[in-house]
Amino acid sequence: MTSSKRPLVIGNWKMNLDFVEGLHLVQQLGVLLKNHPVEHTDVVVVPPFVDLRTVSSILDSERLAISLGAQHVNPNDNGAHTGEISTSMLKRLNVEWIIVGHSERRTHYAMTDEIVAETLRSVVRAGQHAVLCVGENSARREAGDYEEVVRAQLDSALRGLDERFHALVAVAYEPLWAIGTGVNATSTQVREMTEFVRTVMSSLSFSAPQVLYGGSVNPENAGSLVRDSDVDGFLVGGASLKAESFYAILQACDDCYAIKR
Ligand code: PEP
């Protein structure tokens, strides 16, 4: 990590942990953070929708330095969208971050580039932070044209976005072949792609964007990934479901920032 920005680590619980389990996880994380605070790292947890109210209450009552995120949102303000949730509903629950275009939404729930762009705009117009997920599948990685995939995803989501919203956008480079597989991208691959993302974003007039990596990050690889690549933090799935493993990743980022600053 050569960037001077504070690291950002986001735990995406996906469709795991009901509200009781979520409450326990946040309480355990809270104890770890109170005993040994991470001073330099921004922490976000992203529970399922039905856990948000419980988690929001505990973050507030325990005054924990953890922000709340949501895994998805509908781009419309309200209306006949059965099963969907709006940015204003999330805002009432103190949700500050929203994941936009996670590969699981793109692959399994027909989230096209157009819907990703529309969703990202609705998030930032609501004053919330968007974590835009981009990344290639294994076929495109093997074919060697993975940069083109990522360039197209960034371009369609971000081109023409009003500059006053730029600071509300973070990007997570998440190659599909690394998500939930136990096979993380190497530090060299992460470095190459975070640099590439920054170059494309600079061509779209973004200055100093926050670029995260996601894909099988765990307590064993987090230290070397953050030390040896230029990443600003992580989007973590599986390893965010246990307080100890998520906390170890936070610590790795925090230590690295403290040393390199
Ligand atoms: C993710 O789903 O965004 C993710 C990175 O998952 P995992 O850490 O489990 O690979």
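**Exercise 1.** Is Phe19 buried, partly exposed or exposed?

*Solution.* The model is a predicted one, in which local features need pLDDT of at least 70 and side-chain atom pairs count only at pLDDT 80 or more, while totals for chains, interfaces and linings use all residues. Residues are numbered from 1 along each chain as its sequence is written, and side-chain values use heavy atoms, with hydrogens and water left out.

Step 1. Buried means under 20% relative accessible area, exposed means over 50%, and partly exposed lies in between, with a 1.4 Å probe and protein chains only.
Step 2. Phe19 has a relative accessible area of 45%, so Phe19 is partly exposed.
Step 3. Phe19 belongs to helix H1, residues 19-35; helices (H or I, at least four residues) and strands (E, at least two) are DSSP runs numbered from the N terminus.
Step 4. With residues up to four places away in sequence not counted, Phe19 touches Val50, Asp51 and Thr54, where contact means heavy atoms within 4.5 Å.

**Exercise 2.** Describe the surroundings of the ligand and its polar contacts.

*Solution.* 
Step 1. The ligand is surrounded by 14 residues, and the closest are Lys14, Glu174, Gly180, Ser216 and Gly237. A residue is near a molecule if one of its heavy atoms lies within 4 Å of it.
Step 2. This shell consists of four nonpolar, eight polar and two charged residues. Ala, Val, Leu, Ile, Met, Phe, Trp, Tyr, Cys and Pro count as nonpolar, Asp, Glu, Lys and Arg as charged, and the others, Gly among them, as polar.
Step 3. A backbone N or O atom of Gly180 lies 2.7 Å from a ligand oxygen. For a polar backbone atom of Gly237 the distance to an oxygen atom of the ligand is 2.8 Å, and for a backbone N or O atom of Gly238 it is 2.9 Å.
Step 4. The ligand taken alone exposes 290 Å², of which the protein buries 96%; the areas come from the Shrake-Rupley method with a 1.4 Å probe.

**Exercise 3.** Which residues of the largest nonpolar core touch the most other members?

*Solution.* 
Step 1. A nonpolar core is a set of buried Ala, Val, Leu, Ile, Met, Phe, Trp, Tyr and Cys residues joined through side-chain atoms within 4.5 Å.
Step 2. The largest core has 70 residues, and Leu132, Leu154, Leu158, Tyr213 and Phe234 touch the most other members.
Step 3. Helix H10, residues 243-260, gives the most to this core, with eight residues.
Step 4. Apart from this core lies another of 12 residues, among them Ile99, Cys133, Ala170 and Leu235.

**Exercise 4.** Locate Arg106 and decide whether Arg106 is buried or exposed.

*Solution.* 
Step 1. Arg106 is found in helix H4, residues 103-108.
Step 2. Its relative accessible area is 17%, and Arg106 is therefore buried.
Step 3. The Arg106 side chain reaches the backbone oxygen of Cys133 at 2.8 Å.
Step 4. Beyond its neighbours within four places in sequence, Arg106 is in contact with residues including Gly101, Asp113, Leu132 and Gln153.

**Exercise 5.** What is the phi of Leu17, and what is the phi of Asn94?

*Solution.* 
Step 1. Most residues other than glycine have a negative phi.
Step 2. Leu17, in the loop between strand E1 (8-12) and H1, has a positive phi of about 75°.
Step 3. Asn94, in the loop between helix H3 (87-92) and strand E4 (95-100), has a positive phi near 65°.

Note on methods. A polar contact is a pair of N or O atoms within 3.5 Å; within protein, one must be able to donate a hydrogen and the other to accept it, and residues adjacent in sequence count only if both atoms are side-chain atoms.
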